[in-house]
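Biologist: Hi, could you walk me through this one? I'm new to it.

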Amino acid sequence: MPENLLKHDLTINEVVEAIRQNNQNMGDGLIERDSEELMVRSLGQIKTTEDIENIVLKSHRGSPVYVKDVALVEFGEAFRRGVVSLNGEKEVFIGGVYKLHGANSFDVIRRVRARLDEMNKTLPPGVQVSVFHDQGALVMNSINTVRNALIVGLILVCVVAFVFLGNLRNTFIMVLSLPFSVLLAIAMMYRYGIPGDLISFGGAAIALGMTIDATIIMVEKIQSPLQNPSDRHTTTEVIVSTAHEIGQPIFFALAIIIIVFLPTLILQNVEGKMFCPLAFSVTVTIIGSLIYALVIAPVFYSMLHKEGVADLQTEQFSGQTQVQIAIDREAIARHSLNCNELQRLLHDAVGGEIVGFVFEQERSFDINVRGRDVGGFVEEAQEKVAASISLPPGYVLSWGGQFELQQTANRRLMIIIPITLLLVLTMLYGLFGSVKNIVLIMLNIPLALVGGVFALWLAGENLSIPSSIGFIALFGIALTDGLLLISRFEYLGSRGFMLEEAVVQGSLSKLRPVLMTTFTTALGLLPLIITSGVGSEIQQPLAIVVVGGLTSSTLLTLVVLPVLYVLVHKDNQT
């Protein structure tokens, strides 16, 4: 009460400070009693309203002035900042449960729901705790998106393998590399505490096509001579010869893919949490495919081409429930629209991206950018802010949020990628010992980058952290076919073939495996491109870049690379 404060010459601050100082327990030291030491604590924490009322503020003419002399002490209510209602009718209370770092989301949700069921049995009549949102549905939908992509990709890969080889047993050998590699990745994720979520399973989906590539090359190379009636070698002899010829190139090709994913493992902050599990699952999956191709596939080939496989079939599981929008192409054509434009409009209208907040007193509003890349928007915003706002001395304007994270990731990648490139060049030189061959193989990179950029533009996507990871993956994948083709040229040359004959024979022998590896990788990623489920926006840009770049680099490998090899090595012909 202001008049009582004035009457006793007190201020509110003095009242606040007096209450604060008289609401604490204090340690007062030790006393000795006989052979014991006793700790002395004075208990002064407030327990009742009377304790507050009797706090002395000052002494006036020998009489104490209490809090109750200048203020009314009673139970109050917290300042109300909002209201929660049920269907706009009944007021309810709302609360949230947050899991600890490293805890399993599904396990926490299951235990919380079980505990809530127990609590509801003990609550008074008319009182109930209900769950209106949990992340279990979001996580499950995200995993379903990747799961469906894995299933569809697996079916497409199986079809491609059978169409090119025309042999059910060999197709079976190739397909087995997928569960072997994925199960190894899951086991290693469990071993190192990496959760199975959208990102980590997405890595397995991304590696789906690459996983089978090494086995395709091995099995196709074994099958080719055995299908030739004039070849009198036994199955065991062909397997040993094939392993001796292409074992090293396969190892180096997959090792390069693993190396190019190393920059992703050093990302930090949000982008590190997002893409380190992806890089880990891709790396382990490819290691599993390498083990399978070099060790297990030859054994299976030898076994199956002695007992055969019966009743082998593939089955597609049903997909998740969807809300599908059917587009009337004739109707939209009358408005000069095509299907892609309408789909992008729906995507941008439903989605969007919050890049910051605008504050007006106690209220905050989202800055929502739709249909723009973060980098381009921030650059334009920086120009307009600099032109229209003059900051007073001592003030600095900085831009954060996703823009800052993207810039940090880009700076980190600019350091690591050159180091990775040096490691790749060192490995290639160790394999070939020829700078000319290294240059020819590295020509795949610029053409692959052009294809990746063109695919992003064609799909209406922007350069982002996921697409940057796609370019990193493309860097390794694009080198694989060129490495295998040139290693075949070198092998035939060492066997006495003339230059042009070695190139022609090598190109013909590698045509089928190169096309198979390209199609399996592209079709393995296709479900991630066309899917529109929860979490697809993370995987789509990455898959678009890889498929686009792989398409253009394959054209170079099959058409341009053999011609350049002849031109570069014609002076060395003997």
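**Hairpin, helices and a cavity**

Modeller: Let's start with the hairpin of strand 1 and strand 2: it has two residues between the strands, and Asp-34 there takes a positive phi near 60°. Strands (E, at least two residues) and helices (H or I, at least four) are DSSP runs numbered from the N terminus. Bear in mind that this is a predicted model, where local features need pLDDT of at least 70, side-chain atom pairs count only at pLDDT 80 or more, and totals for chains, interfaces and linings use all residues. Residues are numbered from 1 along each chain as its sequence is written, and side-chain values use heavy atoms, with hydrogens and water left out.

Biologist: In which sense do strand 1 and strand 2 pair?

Modeller: Antiparallel, over seven bridges, with strand 1 covering residues 26-33 and strand 2 covering 36-42. Pairing takes at least two DSSP bridges between the strands.

Biologist: What is the bridge partner of Gly-29 in strand 2?

Modeller: That's Val-40. Leu-30 stands opposite Met-39.

Biologist: New topic: is Asn-170 buried or exposed?

Modeller: Asn-170 counts as buried because its relative accessibility is 0%. Buried means under 20% relative accessible area, exposed over 50% and partly exposed in between, using a 1.4 Å probe and protein chains only. Asn-170 is found in helix 7, residues 168-191.

Biologist: What is Asn-170 in contact with, leaving aside neighbours within four places in sequence?

Modeller: Leu-165, Val-219, Gln-223, Tyr-301 and His-305. Contact means heavy atoms within 4.5 Å.

Biologist: And how many residues of helix 19 are buried?

Modeller: 27 of the 30, so helix 19 is largely enclosed by the rest of the structure. Just after helix 19, Gly-496 takes a positive phi of about 100°.

Biologist: Which helices each supply at least two residues of the lining of the largest cavity?

Modeller: Helix 9 (208-226), helix 19 (465-494) and helix 20 (499-530). The lining includes Met-210, Asp-213, Ile-477 and Thr-517. A cavity is a set of points on a 1 Å grid over the protein atoms alone where a 1.4 Å probe fits but cannot get out, and lining residues have an atom within 4 Å of a point.

Note on methods
On a 1 Å grid over the protein atoms alone, a cavity is a set of points where a 1.4 Å probe fits but cannot get out, and a pocket is an open set with protein on both sides within 12 Å along at least five of seven lines; lining residues have an atom within 4 Å of a point.
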